[in-house]
Every structure is written in C-alpha cells, then in structure tokens.
Amino acid sequence: MTATTGSEPDTGWHVPPPEPNAFERLRQRKPWAPPAILGGVLALGTAYTAWQDPNRGSSLFPGCPLKEATGLDCPGCGGTRALHALTQGDIGTALDHNAVLTVVLPLLAVAWGLWLLHTIRVTRARTGHADPPAWPAPLRALRLSHRGWLAVIGFMVAFAVVRNISAVPALDFLASEA
C-alpha cells in the first residue's frame, strides 16, 4: 500500500463530459426557446380552459383525487374553475374558487414575461458579441432559498387546512365550492 500525496498520476484514462441533450443544445443556441415553449403550452391550456367550462363536467378536466376520496379541498382545488372564471373576466368567481391561485397567476404571468424578455436580451447580446445582461431584479427576488421553499410549502399546507375549516363562517369563502 502506498501513500498518496493528493495528486494522482495521470493514467491516460479520461472520461469526457456527457453530451448535452437536445433540450440543452436548444437552450444554449436559443435562450428564448424554453420560456417561449412554456408560454405556448400554457397559452394552449388556458385557451382550452376558456373554451371548455370545467363546471359542466363535459370537458376533459379530471376531478381532484383528494376531493373525491375525502371531500377535503387541497390547495389546488378550484384552480381550473378559477382559471376559467379569469378567462371570462369574472374575478369574483375566480376568488371564490381559489383565492391564492387568483392572486398568484398574474404575478406568475409577469415573472414569465420578465423571463422571456431577459432571454431575448441574452440572445441579442450574444449576436452582438456583448456580455449577457444580468437577471432583472424581480426575477432575482423570486429565487427561493431552502427556507423560502419551506415557507411556500408551509403556506400551502396552512391554506389547505384553513380552507377546510367549516366551523368558522368567516373562512367559508376559501372553500372551492365544488
């Protein structure tokens, strides 16, 4: 057994880094592609939700498994109906179905727009051989630490618990009204 000094001799064996997958190659060539693809998929889903009323039951929207099994609202219960109400311009009904989602969706739309704008600016900087711009301050603020994610999860659990308390009439508006 020999002692090592911390620098191993070069044996000639070198493992090259793995080839990037197709999505990673696309992201490297066209930084705007991921937010554009995500935006397109979400726009199609939103258009379908606007077209098909999830309250009627004749659409392809599945029910919430937790709600069907236990009768309790999860944090997402009423989200599809809230999105449908928002696409119809009915903010009051959207708040009645899922208040948190109704408040968060516009914020997520702004964050997506900033992300897309940033990636377009990165693409322009690359074609002009300039340094890429820094992330916009609102997007930097959205980066959550482990504690931040725990706070978000804790808030969603608290929302799920509070919206299922039927003993307090003041909290009835938080139920999804399914």
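## Overall fold

Walk along the sequence and you get α-α-α-α-α-α-α-α. That makes 8 helices and 0 strands in the chain. The radius of gyration comes out at 24 Å, well over the 16 Å that the globule rule gives for 178 residues, so the chain is more spread out than a compact globule. Keep in mind that this is a predicted model.

## Surface, burial and charge

Of the 178 residues, 24% are buried. The chain exposes about 12,800 Å², with carbon and sulfur atoms supplying 67% of that area. As for contacts, take those between residues at least 6 apart in sequence: 53% of them join residues at least 24 apart.

On the charge side, there are 14 positive side chains and 12 negative ones. The centres of these two sets sit 9 Å apart.

D73 is found in the loop between α3 (65–70) and α4 (79–87). Is it buried or exposed? With a relative accessible area of 3%, D73 falls under the 20% cut-off, so it counts as buried.

What does the D73 side chain pair up with? The side chain of K67 joins it through a polar contact of 2.6 Å.

## α4 and its partners

Next along from that loop is α4, where G79, R81, A82, H84 and A85 are buried. Which helices do the buried residues of α4 pack against? They pack against α2 (33–51), α5 (91–97) and α6 (99–127).

Just after α4 comes G89, and its phi is positive, at about 80 degrees.

## P62, out in the open

The loop between α2 and α3 holds P62. Its relative accessibility is 73%, over the 50% cut-off, so P62 counts as exposed. Contrast that with D73, which is buried at 3%.

How far is P62 from T80, C-alpha to C-alpha? The two residues are 18 apart along the chain, and their C-alpha atoms are separated by 9.8 Å.

Key: Residues numbered from 1 in each chain as written. Predicted model: local features only at pLDDT ≥ 70, side-chain atom pairs only at ≥ 80, totals over all residues. Heavy atoms only, no water. Helix = DSSP H or I, 4+ residues; strand = E, 2+ residues; numbered from the N terminus. Rg over C-alpha atoms; globule rule 2.2 N^0.38 Å. Buried < 20%, exposed > 50% of the residue type's maximum accessible area, 1.4 Å probe, protein only. Contact = heavy atoms within 4.5 Å. Areas by Shrake-Rupley, 256 points an atom, 1.4 Å probe, with all protein chains shown as cover. Lys, Arg positive; Asp, Glu negative; His and termini not counted. Charge placed at Lys NZ, Arg CZ, Asp CG, Glu CD. Polar contact = N/O pair within 3.5 Å; in protein donor to acceptor, adjacent residues only side chain to side chain.
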